[in-house]
Amino acid sequence: MSPVVILDCFTVEPSGLGVPPYLSTYVRSAWSALRRSRPDADARYLTIDDVRWCLAGGRPAVEPPQSDPLTYSVTANRDNAIQLLRDAELVVVVAGDAVPSVHLHAVNGSPEEIARALACVRGRRCLLGPLSAYVNDAPAQYAGLFDAVHAATITSRDVTLGSRQAAPYDLMRGDRDDFSGLVAQMPWRPIAELELYRGCTRRKFCDFCNEPAKSPLVAFRDVEDVVEEAAQLYAAGIRNFRLGQQTCFFSYRNRDEEAIRALLGGIRERCPELEVLHIDNADPLAVAAPVGARIAKLVAEYCTEGNCAPMGIESFDPAVVDRNNLTCTPDILMRAVQHINEAGAGSGPGGLPKLLPGLNLIYGLPGETHGTHVANLLGLSRILDAGLLCHRTNVRLARAFPGTPLAALGQQDPLPSAEHFASWKADIDFGWDQPMKERVYPTGLRVPGLHSYFVGQGGTWWRRLGSYSIQIIERDTATPVGTVGDLTVTGHAPRTIYGERFAAAA
């Protein structure tokens with residue numbers, strides 16, 4: 001029988017990440033749907049890096065020992081990727097960026113690259129992921145590229161039909177079975193993204209967010225369903241998990257403290273030797289509530305250290321907050337940051353804080369003025385002056401995703417950030433990010449259990465797996481990727497920590 005193929009071109013959304021080593025919910029649902037609908041077929045997993053490798057004649061784009069971000073995430077199928085696509089009865093493409101993204105070790109597949117990869121496919125071609133919003137919004141631009149388009153999910157019942165609405169969770173649970181064959185095709189150590197629910201629990205939605213456009217109604221998964229999927233992934237060899245792909249971990253089951261305790265405890269029980277259990281995304285309104293403080297303590301208790309709860313203040317400017325239905329005020333954010341610090345600022349057994357907040361700032365939203373940047377700097381300074389800790393800060397420009405109120409505004413006059421974003425971001429890097437890194441990861445701190453994962457012109461990058469994990473650069477070295485070691489922090493720069501290897505881990 002002809003193979004069935006998943007072509008992973010990587011995905012990035014506000015609620016979830018699908019760039020290796022992250023194993024996205026999209027890839028897993030595609031695997032389950034193909035295995036259930038075609039149980040006798042040879043199911044293969046490819047990445048866009050495999051296609052690049054073949055089209056380049058089996059050569060990386062840069063000379064070793066430097067790492068090549070264009071072919072970094074090749075799979076066990078890299079040498080026959082084109083032949084697999086040519087022979088495939090069905091190809092499911094997973095692709096799309098809902099937000100701008102830049103990765104040290106990866107380059108997401110572009111529409112042009114996807115079209116080139118699909119040119120040799122003689123079977124049916126399906127799309128799954130955020131790119132579907134752009135395809136549905138401008139079908140003429142993508143005419144003839146896909147035979148079926150799936151916006152949010154794919155199941156064994158609708159593989160070749162396409163779907164606009166997300167499938168019920170019980171239907172997806174029925175498709176799900178064994179992930180061993182999928183994981184075996186990945187040479188890296190995956191970290192599985194686990195979805196808890198879809199939709200947003202806020203009464204008013206942020207104008208830029210794609211989640212309400214993707215799923216206008218909230219649908220929660222049962223605790224048992226999530227724990228069962230974690231156990232299936234664990235049985236397939238995965239030891240690293242992130243509870244992401246939803247808008248707010250703290251809002252699971254409407255901020256049900258006992259459900260969250262059962263969830264975290266259940267994963268710990270069914271996956272006893274897990275290495276990473278982290279969360280992603282936290283609504284500061286939920287974290288700032290009294291129950292939010294209690295949930296933060298549960299996260300610090302059950303999850304592994306180095307954890308991060310990213311929160312979207314988006315802007316400290318009241319005019320921007322009001323104009324875009326952002327709802328979070330600086331005072332609410334401060335209370336949320338305090339709650340997470342109280343629960344998780346203490347160090348775990350490996351020397352890193354158990355749980356720290358992350359902050360998201362967006363420039364280019366309606367209502368922005370030069371005063372917006374001043375308000376952002378003052379708001380960050382208030383947190384810094386209070387002696388609080390923050391793991392990371394993400395500063396980006398807004399993107400109008402199809403189906404959102406921001407996109408409905410159409411072409412607008414340029415805002416100040418269109419001209420000043422680079423310099424404004426540098427202000428935050430030097431005035432906030434570097435001092436915070438020096439506070440959280442001071443010079444002399446020994447960080448054990450790191451692994452080298454990228455070699456560039458500046459040296460070797462080391463990290464742990466996890467949610468926005470700490471990254472340390474060992475300058476002027478070319479340590480083989482996958483080496484395990486302990487590093488001591490020696491210096492800081494905006495968005496960067498430097499270190500020296502202390503000793504190889506046993």
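Two strands are taken to pair if DSSP finds at least two bridges between them. Helices (H or I, at least four residues) and strands (E, at least two) are DSSP runs, numbered from the N terminus. The structure is a predicted model, in which local features need pLDDT of at least 70 and side-chain atom pairs count only at pLDDT 80 or more, while totals for chains, interfaces and linings use all residues. Residues are numbered from 1 along each chain as its sequence is written, and side-chain values use heavy atoms, with hydrogens and water left out.

The protein chain contains 17 helices and 20 strands. Its radius of gyration, taken over C-alpha atoms, is 22 Å; a compact globule of 506 residues would have a value near 23 Å, so the two agree. The globule rule is 2.2 Å times the number of residues to the power 0.38. Along the principal axes, the C-alpha atoms of the protein chain fill a box of roughly 65 × 55 × 50 Å. Of the 506 residues, 60% count as buried, where buried means under 20% relative accessible area, exposed over 50%, and partly exposed in between (1.4 Å probe, protein chains only). Among contacts (heavy atoms within 4.5 Å) in the protein chain with a separation of 6 or more, 76% come from residues 24 or more positions apart. The protein chain exposes about 19,800 Å², and carbon and sulfur atoms supply 50% of this area, as computed by the Shrake-Rupley method with a 1.4 Å probe. There are 49 positive and 57 negative side chains, and the centres of the two sets lie 2 Å apart. In this count Lys and Arg are positive and Asp and Glu negative, without His and the chain ends; the place of a charge is NZ of Lys, CZ of Arg, CG of Asp or CD of Glu.

An open sheet of four strands with parallel pairing has the order β3-β8-β11-β12. Strands β3 (22-23) and β12 (276-279) stand at its edges with a single partner strand each, so one side of each is left without a neighbour in the sheet. Within this sheet, β8 (residues 191-193) and β11 (residues 240-243) pair in the parallel sense over two bridges, and Ala192 has Phe241 in β11 as its bridge partner. The loop between β2 (16-18) and β3 holds Pro21, and the peptide bond from Pro20 to Pro21 is cis, with omega near 15 degrees.

Helix α2 (residues 48-55) has six of its eight residues buried, so it is largely enclosed by the rest of the structure. The buried residues are Ile48, Asp49, Asp50, Val51, Arg52 and Trp53. These residues pack against β1 (4-13), β4 (43-47), α3 (81-87) and α4 (111-118). Just after α2, Gly57 takes a positive phi of about 75 degrees. The loop between α2 and α3 includes Pro65, and the peptide bond from Pro64 to Pro65 is cis, with omega near 10 degrees. Arg78 lies in the loop between α2 and α3 and is partly exposed, with a relative accessible area of 29%. Not counting residues up to four places away in sequence, Arg78 touches Asp50, Trp53 and Cys54. The C-alpha atoms of Arg78 and Leu46 are separated by 7.4 Å, although the two residues are 32 residues apart along the chain.

Further strand pairs involve β16 to β19. Strand β16 (residues 446-456) runs antiparallel to β19, and four bridges join the two; Arg446 stands opposite Thr488 in β19. Eight of the ten residues of β19 (residues 484-493) are buried. A hairpin through two residues joins β16 to β17, and these strands pair in the antiparallel sense over five bridges. The bridge partner of Phe454 in β17 is Trp461. Five of the five residues of β17 (residues 459-463) are buried, so this strand is largely enclosed by the rest of the structure. Strand β17 also pairs with β18 (residues 471-475) in the antiparallel sense over five bridges, where Gly459 has Arg475 in β18 as its bridge partner.

Positive phi values also occur in loops of this region. Asp476, in the loop between β18 and β19, has a positive phi of about 55 degrees although it is not a glycine. Asp476 counts as exposed, at 73% relative accessibility. Arg495, in the loop between β19 and β20 (496-504), has a phi near 65 degrees, a positive value in a residue other than glycine. At 38% relative accessibility, Arg495 counts as partly exposed.
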